[in-house]
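Let's take a look around this protein together. Start with the picture, then read on.

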Amino acid sequence: MSNPFVQIVEPLDPKQPLKKFFNLSKLEDVRYAHLPFSIRVLLEAAIRNCDEFLVKKGDVENILNWKVMQHKNVEVPFKPARVILQDFTGVPAVVDFAAMRDAVKKLGGDPEKINPICPADLVIDHSIQVDFNRQSDSLQKNQDLEFERNKERFEFLKWGSQAFKNLRIIPPGSGIIHQVNLEYLARVVMDQDGYYYPDSVVGTDSHTTMIDGLGVLGWGVGGIEAEAVMLGQPISMVLPEVVGYKLVGSPQPLVTSTDIVLTITKHLRQVGVVGKFVEFFGPGVAQLSIADRATIANMCPEYGATAAYFPVDDISIGYLIQTGRDKEKVMCTKRYLEAVGMLRDFKNSSQDPDFTQVVELDLHTVVPCCSGPKRPQDKVAVSDMKKDFETCLGAKQGFKGFQIAPDQHNSIVKFNFEGCDFELAHGSVVIAAITSCTNTSNPSVMLGAGLLAKKAVEAGLTVKPYIKTSLSPGSGVVTYYLRESGVMRYLSQLGFDVVGYGCMTCIGNSGPLPESVVEAITQGDLVAVGVLSGNRNFEGRVHPNTRANYLASPPLVIAYAIAGTIRIDFEKEPLGINASGKKIFLKDIWPTRNEIQAVERQFVIPGMFKEVYQKIETVNKSWNALDAPSDKLYTWNPKSTYIKSPPFFDGLTLALQTPKTIEDAYVLLSFGDSVTTDHISPAGNIARNSPAARYLTSRGLTPREFNSYGSRRGNDAVMARGTFANIRLVNKFIDKQGPQTIHFPSGEILDVFDAAERYKQAGHPLIVLAGKEYGAGSSRDWAAKGPFLLGVKAVLAESYERIHRSNLVGMGVIPLQYLPGEDAGTLGLTGRERYTIIIPEKLKPQMNVQIKLDTGKTFHAIMRFDTDVELTYFHNGGILNYMIRKMAS
C-alpha cells in the first residue's frame with residue numbers, strides 16, 4: 001500500500017512480529033475518536049482495499065469529517081472480508097456462476113475467472129420442512145424427506161463446492177446460517193495476507209445483520225450483488241448517516257430480549273432509518289449479553305436500517321472464549337482492537353461517538369409484548385393482546401384488520417381430530433413454533449422456554465394435540481444445553497420436539513396442518529393464528545391457513561400453545577385447569593431471570609461449542625454420500641425441474657447497448673404500501689391452481705413433489721411463474737386478495753404470469769406502481785429477477801427498502817421514485833394509463849426523468865440509480881452482465 005500514514009507494524013503476536021494493520025487513530029487528530037465505530041470499520045475497509053479512495057490525495061480532512069462527506073454524497077467502495085449465503089439464495093447464485101462461466105467461454109474468455117475471490121460460506125438451512133412433529137423421530141424423518149426432495153439441489157451445490165475455489169458448503173442439519181456465523185464462522189478480527197483488520201461480511205439473507213451484535217459489520221445484500229462481491233467487485237454505497245441508539249436502565253425481571261427487539265423495531269420504524277446505520281451505545285448495552293445484542297441486530301431489516309451495530313467490548317471478547325474460539329487468537333483480537341482504539345467501554349461516555357441523530361430507550365420501560373398480526377413493527381403489549389386481536393377482527397381489511405362481520409366474531413366450528421372432538425374459533429392457535437435465528441441463538445430465552453415447560457408439565461398443563469408445535473434450533477449447541485440442563489424432556493411432553501436444524505416455520509416451511517383443522521378453518525372462514533419466535537409474519541408467509549401470525553418470545557410461544565388461543569388476558573384468565581381442578585396462571589410458571597441465568601452459567605459452556613463445530617462439515621452422512629460431478633463447467637440436465645440455465649445472458653455481446661426510452665408501457669400491477677419481497681416472490685407453498693403448479697404438472701410432477709418456491713430458485717421457469725404469486729397479494733386493480741391482475745387490452749382478469757406473457761407476446765413493456773416501503777423483507781434476488789423475466793422495465797414507488805432497490809438495479813430494472821410530496825393519488829394516476837419514461841443520453845445519479853402518459857399528462861420522477869457505479873451497471877443491463885464483460889475482456 002502507498003499510504004504509510006494509515007499503516008503501522010505492531011508485535012501483537014510474538015510468533016508473528018511483522019503483522020501489519022491500518023490504524024486511522026494514528027492520525028494526529030482528536031476528531032477520529034468521535035467517528036461512529038461502524039464508520040471506522042467501513043472506512044478502514046475502503047482504504048485497505050481501494051488505494052485511490054480519499055487517501056491517495058492525502059485528503060485526511062474528508063476521512064475525519066464524515067458528516068461533510070455525507071452531504072457530498074461521497075461513494076464508499078466497500079469490500080467486505082467475507083460473504084455468507086444460504087441455500088435458497090445460494091443455489092441461484094451458483095446457478096448464475098455456472099451460467100456466467102458458459103457466457104464468458106462463448107465470448108472468448110477464460111471461464112475459470114468466474115470464481116469467488118473472497119472466502120464464501122454457504123449454509124444449507126432453508127430446505128427442511130416441518131412435515132413431522134410431536135414424534136420422537138420427527139427430526140430424522142424430516143431430514144430424510146429433505147434429502148429425498150432436494151437431492152438434485154444438494155448434488156448441484158456439492159458440484160459448486162468442488163468447481164469453485166473459496167466456496168465452502170456447511171451441510172444440511174448443521175444449523176441456521178446466522179447462528180452458525182455467530183457461534184463459529186465469525187472472526188471479529190481477520191488475520192490474513194500479512195494483516196490484521198476488522199472482520200466484515202455481506203450475506204444473501206437480510207438477517208445477516210445478526211452478526212453486528214458481535215461487533216462484525218455486516219448486512220444483507222441481494223444474491224446478484226453478493227455474486228459481484230464474490231468476484232472482487234466492491235459494493236459502492238453512499239456514506240450512510242448513523243443513528244445513535246442510546247440504551248439506558250435495566251430490563252424488568254419478566255422481560256426478554258424478544259420484548260426488547262420488538263419494542264426497538266416499532267420505535268425505529270417510527271423514527272425512519274431506511275438506508276442508515278444504527279449504532280447502539282450507552283450504559284444499557286452493558287446489561288445485554290451478546291445473544292441479546294444479536295437478537296436486536298438480527299431484526300435490523302424489520303426496522304429498515306442497513307446495519308445495527310454493537311461495537312466490540314469485553315463482553316464480546318468473553319463470548320468468543322465461551323463459544324470455544326482459540327484463546328490465543330482471541331487475545332490477539334483484543335490487543336489489536338485496543339491498539340486501534342476500537343475496543344468499546346459502554347459505561348464510559350467519553351467514548352460516545354458523534355452521531356447524525358440520537359434516540360434513546362430506557363430498558364426499564366419495556367414490557368412483555370408480541371408483534372402482529374401481519375407486520376413485525378406492529379407491537380402489542382401482552383396485556384393488550386386479547387383486546388387488540390378482537391379489534392382487528394372487525395377492522396377494515398389492512399395491516400391491522402380482517403373485516404369479519406360483527407355477528408361472526410364468536411363463531412365456533414366443531415371438528416374431530418384423532419377420535420376426539422374439539423372446537424376452533426377466531427384467534428385459535430393452530431401453529432406454535434419455537435423457530436428462527438432471532439431467538440433460538442439466545443440461551444436465556446431458550447432455557448426460559450425450557451424452564452416454563454418444566455413448570456407447566458409439573459403443574460399438569462398440556463397442549464391440545466391438533467396444534468402444530470415444533471422446535472427448530474439454530475444449531476446443535478442449543479439441543480446440547482437443553483438436554484444437559486434437563487428441560488428437553490418437558491419441552492417434548494408439550495409437543496415441542498426438535499424437528500430440524502433450519503429456518504423452517506419462520507420462512508414458511510411449516511408443513512401441512514391436519515386436514516380436519518384446515519376444513520374447520522375453511523368452513524368457518526376463521527382467522528386462525530400462528531405464534532412463532534421468528535422475525536417475520538407477513539401475510540401468506542407462515543402458512544396459507546393462518547391469517548394472523550404473531551411474533552413472540554419462546555416462552556410466550558409455549559404459553560399461547562397451552563392456552564390454545566390468542567384471545568386470553570394472562571393477568572385475569574388462567575392458562576388452563578389441571579386434573580385437580582386448580583387454575584394455573586402464567587405468573588405461576590414463568591421462570592425468573594435469576595433461575596434462567598443460574599442454569600445458563602452451569603450448562604452453556606465452551607466444550608459444547610467445540611464438540612458441535614469440530615465435526616460440522618462431516619457429520620451429515622447423507623451429504624457425505626452424495627456423488628457430484630467434478631467438471632469446471634456444469635452439464636445442464638434439460639429434464640431437471642430444479643436446476644436450469646437461466647436466460648439472463650442469452651444474446652449477450654461485448655458491445656454495450658444504449659439504454660432506450662420505455663415507450664407506452666402498461667401497468668402490470670398497482671400496489672399500496674409495504675409490499676414485501678414475500679408478496680413479489682414467495683418462498684413457501686406452491687398453490688395447486690397456480691401457473692407454477694401447472695408448469696410442474698406438465699413436467700410429470702404430482703402436487704406432493706412440488707416442494708416450495710424457495711427450493712425451486714434454481715429454475716427460472718418456475719420462479720417466473722411464481723412471481724407475484726402470493727395468495728395475499730392486494731392489487732388495486734382487483735377487488736379481492738389474490739395473485740391476479742387485469743390484462744387491459746382484453747379486459748380479462750388473469751393470473752399475473754399469464755397476463756405478463758400476453759403483454760410480452762404483443763411486444764408491450766410493463767411497469768409496476770407501488771407505495772411506501774416497496775420490497776420490504778427478505779433479500780431474495782428473485783423479487784427482482786422474476787419481474788425482469790415478466791418484462792417489467794421499471795417500478796414507480798414512493799419509497800424502497802434498501803436491498804430490493806439494489807436488486808432491481810442489479811437486474812437492470814429502473815427504480816423510479818415519486819418526487820417529495822407526490823404519489824399516485826396526488827398525480828391522479830389510476831394505473832390504467834400507458835407510460836412513456838424518457839431516458840436521457842447522459843445520466844447522472846438520482847436525476848429527475850420525465851414520464852409522459854397517453855392521457856397527455858406529464859410529470860417527473862427520481863431515477864434511483866444512487867451512484868455512478870450503479871449507472872455503469874444499468875448501461876450494461878445489470879451487474880452480472882457487467883461482470884461477464886469484465887471477465888471476458
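## A sheet and its helix

Strand 12 (residues 242-248) runs alongside strand 15 in the parallel sense, joined by six bridges. Here strands (E, at least two residues) and helices (H or I, at least four residues) are DSSP runs, numbered from the N terminus, and two strands pair if DSSP finds at least two bridges between them. Within that pairing, L247 stands opposite L361 of strand 15.

Zoom out and you'll see an open sheet of four strands, ordered 14-13-12-15, with parallel pairing. At its edges sit strand 14 (307-309) and strand 15 (357-362), each pairing on one side only. Helix 8 (residues 257-271) lies across strands 12, 13 (277-281) and 15, at about 150° to strand 15. For such angles, axes are lines fitted to C-alpha atoms (for helices, over the stretch in contact), and the angle runs from 0 to 180 degrees between N-to-C directions.

## How the model is read

This is a predicted model: local features need pLDDT of at least 70 and side-chain atom pairs 80 or more, while totals for chains, interfaces and linings use all residues. Residues are numbered from 1 along each chain as its sequence is written, and side-chain values use heavy atoms, leaving out hydrogens and water.

## The nonpolar core

A nonpolar core is a set of buried (under 20% relative accessible area, 1.4 Å probe, protein chains only) Ala, Val, Leu, Ile, Met, Phe, Trp, Tyr and Cys residues joined through side-chain atoms within 4.5 Å. The largest one has 287 residues, and F280, Y560, L668, F724 and Y774 touch the most other members. Helix 4 (residues 87-106) gives the largest share, 11 residues.

Notes. Buried means under 20% relative accessible area, exposed over 50%, partly exposed in between (1.4 Å probe, protein chains only). Contact means heavy atoms within 4.5 Å.
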